[in-house]
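Please read this briefing alongside the sequence and the 3D view.

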Amino acid sequence: MTIKADEQGRYVVVNTLLNTTDVTLVDQISGRLGDSGRLVYFAVKDGMQPHDLTGQDVFIRAKDAAGKIKQVTGISERIKPSAGLMSMYLPAEFYQASGPVEEAYLAITSTTDGSIVSSVPLTFNVLENNMIITANGSKDYIDQIDNFVEEMRGKVNDLSDALGTQNQSYVSLKKALDVYLDLINKNAVATLGSDNTFTGNNQFSQPITGTVTNAIRADNAATADVAKLAHKTDDDTGWMDISKNFLTGAAGTAKIRKRNGIVQLIIQAVTGYYESNKLNNGNQLLKLPWKGSAGASYPGEYAFVYNGAAGALSIIDDILIVHWVSNPSSDSSVHLYATITYIATD
């Protein structure tokens, strides 16, 4: 049996205790073919008593006159949940086929586990609209699936951006190595296993071992005429923990290593980052033991991924700063992770 819904001011009354064979006609949902959507106000009741919507949500599912499934999920406005007062917005997809819906119902669900608490059969009409010259046919529409598809599309785009950022980091490292190899090929740096000529003033702060031919003076030598020369040199500091070097407003783990003039820096789980979308002292993040060189596409710029999107670090002298991020966040649970490689300039 079809029962016309009662009205309570601007609200249409939906009774959860009606017999399941009874269908509530809701004229407020009815519209014309091609309508852009309708905002409907509901007063949900359990018999004569208001239904408490606290901790609950709703959805409306319908099969329209063309047999296509439509679903809209979520309360638009919780006007007074304890009194069962709320509104829902029915999108244009509900008005793609003229005629009475084959079947429809409003379901009340638990926000804890998604289970259906109650459901009320509904019916409404979509009227012909002779003003529409052409119209697309009705299609299935479930907002949760559409939202999921859009969310996944966004994540795929973010992943593509992240892969592009990682590729920039690879290009940056390759360029840095090319520069260093060029210096080696031009004999501009000393190398093991090669004859090296030192034309400038060179000082050794520690004793050196090995015989130095034609040495005129060796202040740190064991004897006046025999200097000590390093038999083998491997400029590798090993991994150093510089976590205490984080500047005001930031904290985390930082490890750094310099090997033959090339520095590797790893920072992990940096918190306090981007508080109010910026750090103190011009986004200064970390003090480095060695000054840095230019980055890939921008002087001193090193690409990384933050909050699922691209960003860039920069080195100014011996200070690592946040140059920019495309998706800033003031959420302290969003951490910064980055690995950069640069040539030490001091």
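Buried means under 20% relative accessible area, exposed means over 50%, and partly exposed lies in between (1.4 Å probe, protein chains only). By that definition, Tyr 11 and Tyr 41 are both buried. This is a predicted model, in which local features need pLDDT of at least 70, side-chain atom pairs count only at pLDDT 80 or more, and totals for chains, interfaces and linings use all residues. Residues are numbered from 1 along each chain as its sequence is written, and side-chain values use heavy atoms, with hydrogens and water left out.

**Aromatic contacts**

- The structure holds three aromatic pairs (rings of Phe, Tyr and Trp, the latter by its six-membered ring, with centres within 6.5 Å; planes under 30 degrees apart are stacked, over 60 edge-to-face, the rest tilted).
- One of them is the edge-to-face pair of Tyr 11 and Tyr 41, at 6.0 Å centre to centre and 85° between the planes.
- Tyr 11 lies in strand β3 (residues 11-15) and Tyr 41 in strand β6 (residues 37-46), so the pair ties together parts 30 residues apart in sequence.
- Strands here are DSSP runs of E, at least two residues long, numbered from the N terminus.
- Arg 10 lies over the face of Tyr 41, 4.1 Å from the ring centre (CZ of Arg or NZ of Lys within 6 Å of the centre and within 35 degrees of the ring normal).

**Strand pairing**

- Strands pair if DSSP finds at least two bridges between them.
- Strand β8 (residues 56-63) runs antiparallel to β13 (residues 103-110), joined by eight bridges, and Val 58 stands opposite Ile 108 in β13.
- β8 also pairs with β9 (residues 69-73) in the antiparallel sense over five bridges.
- β8 and β9 form a hairpin with five residues between them, and Gly 67 in the turn has a positive phi of about 80°.

Methods
Helices (H or I, at least four residues) and strands (E, at least two) are DSSP runs, numbered from the N terminus.
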